[in-house]
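The following briefing concerns the model shown below.

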Amino acid sequence: MVVREKFHGDLKILREKLLEIGRLTHEALSKSIEALQTSNVELALEIIDGDSYVDDLEEEINDLAILLIAKQQPVAIDLRRIIVAIKIASDVERMADFAVNVAKSAIRIGNEELIKPLEHVKKMHNISIEMLSLSLKAYHEEDLVLAKKVAEMDDQVDELYGITIKELLSLAKEKQEAMNQITQLLFVARYLERMADHTTNVAESVFYLVKGKRYDLNE
């Protein structure tokens, strides 16, 4: 009985660490778009410096998960909870990397006046951030309805991505002198689109956790 209580206590710690890595990533992503919009190099550097905390936390999650598998030899849903924690931590850490990439683009653009309002980029960012919050809530509550909603929101990001790419490529023909900025904004749009994909992966992991089988929610 004591062994099982310790095991479930460790599972709780694993879940808490996963929610913490999600919180740190959410914060980094919010700051990254702010740094881009306001040409705030100091904020961008803060995001880059803070990425090591996310990397360390992912490593802690992986180490604890491996230890639990080795010592407890869990089966069924307990094993899935551990496997899913490793998978989600990897996806969330990748999203934090995208926040760093956006911050680096902000630095490369520097104090240049933006060639256009970042309306669609901001919308992509807002939807992606909401997807991250909802996907972690779906994980915490093991809520399939919420997980499915996250996957459906990915279509909105894809649509905005297509619009943004067309607009930027059109501007590239007219404003050759702004190619550096246009290139960086193209990268940013791609980072946000990929972030939404990784959030959909989190939603798929929730389905695997609850149902015990894998579903492709991007179809």
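**Pocket**

By class, seven nonpolar, one polar and four charged residues make up the lining of the largest pocket; Ala, Val, Leu, Ile, Met, Phe, Trp, Tyr, Cys and Pro count as nonpolar, Asp, Glu, Lys and Arg as charged, and the others, Gly among them, as polar. The model is predicted: local features need pLDDT of at least 70 and side-chain atom pairs count only at pLDDT 80 or more, while totals for chains, interfaces and linings use all residues. Residues are numbered from 1 along each chain as its sequence is written, and side-chain values use heavy atoms, with hydrogens and water left out.

- The largest pocket holds about 190 Å³ of space. On a 1 Å grid over the protein atoms alone, a pocket is an open set of points with protein on both sides within 12 Å along at least five of seven lines, whereas a cavity is a set of points where a 1.4 Å probe fits but cannot get out; lining residues have an atom within 4 Å of a point.
- For volumes, grid points are joined across faces, edges and corners, and the value is the space filled by probe spheres set on the points.
- Lining residues of the largest pocket are L24, E27, A28, K31, E46, I47, G50, D51, Y53, V54, A96 and V100. The elements that give two or more residues to this lining are α1 (2–38), α2 (41–72) and α3 (76–109).
- The largest share of the pocket lining, six residues, is supplied by α2.

**Cavity**

- One cavity of 30 Å³ or more is found in a search of the whole structure, and the largest cavity has a volume of about 50 Å³.
- K116, P117, L118, E119, H120, V121, T164, E167, L168 and L185 line the largest cavity. At least two lining residues come from each of α4 (119–141) and α5 (144–174).
- The cavity lining comprises five nonpolar, two polar and three charged residues.

**Overall fold**

- The chain contains six helices and zero strands; helices (H or I, at least four residues) and strands (E, at least two) are DSSP runs, numbered from the N terminus.
- Taken along the principal axes, the C-alpha atoms fill a box of roughly 70 × 35 × 20 Å.
- Of the 219 residues in the chain, 48% are buried; buried means under 20% relative accessible area, exposed over 50%, and partly exposed in between (1.4 Å probe, protein chains only).
- Among contacts (heavy atoms within 4.5 Å) between residues at least 6 apart in sequence, 83% join residues at least 24 apart.

**Helix spans and ends**

- Helix α6 (residues 179–211) has 33 residues and reaches 48 Å from its first C-alpha to its last, close to the 48 Å expected. The expected span is 1.5 Å times one less than the number of residues in the helix.
- G212, with a positive phi near 80°, follows α6.
- Helix α5 has 31 residues and spans 47 Å between its first and last C-alpha, close to the 45 Å expected.
- D143 caps the N-terminal end of α5, where a side-chain oxygen lies 3.0 Å from the backbone nitrogen of V145. This is a polar contact, defined as a pair of N or O atoms within 3.5 Å; within protein, one must be able to donate a hydrogen and the other to accept it, and residues adjacent in sequence count only if both atoms are side-chain atoms.

**Buried residues in helices**

- S32 is placed in helix α1 and is buried, at 2% relative accessible area. The side chain of S32 reaches the backbone oxygen of L29 at 2.7 Å.
- Not counting residues up to four places away in sequence, S32 touches I47, A99, V102 and A103.
- V121 is found in helix α4 and counts as buried at 5% relative accessibility. Leaving aside neighbours within four places in sequence, V121 is in contact with I33, T164, V188 and L192.
- H198, in helix α6, is buried with a relative accessible area of 10%. Beyond its neighbours within four places in sequence, H198 is in contact with D91, R94, M95 and F98.

**Loop residues with positive phi**

- S39 is found in the loop between α1 and α2. Its phi is near 55°, a positive value in a residue other than glycine, and S39 is partly exposed at 21% relative accessible area.
- E142 lies in the loop between α4 and α5. Although E142 is not a glycine, it has a positive phi of about 50°, and E142 is partly exposed with a relative accessible area of 29%.
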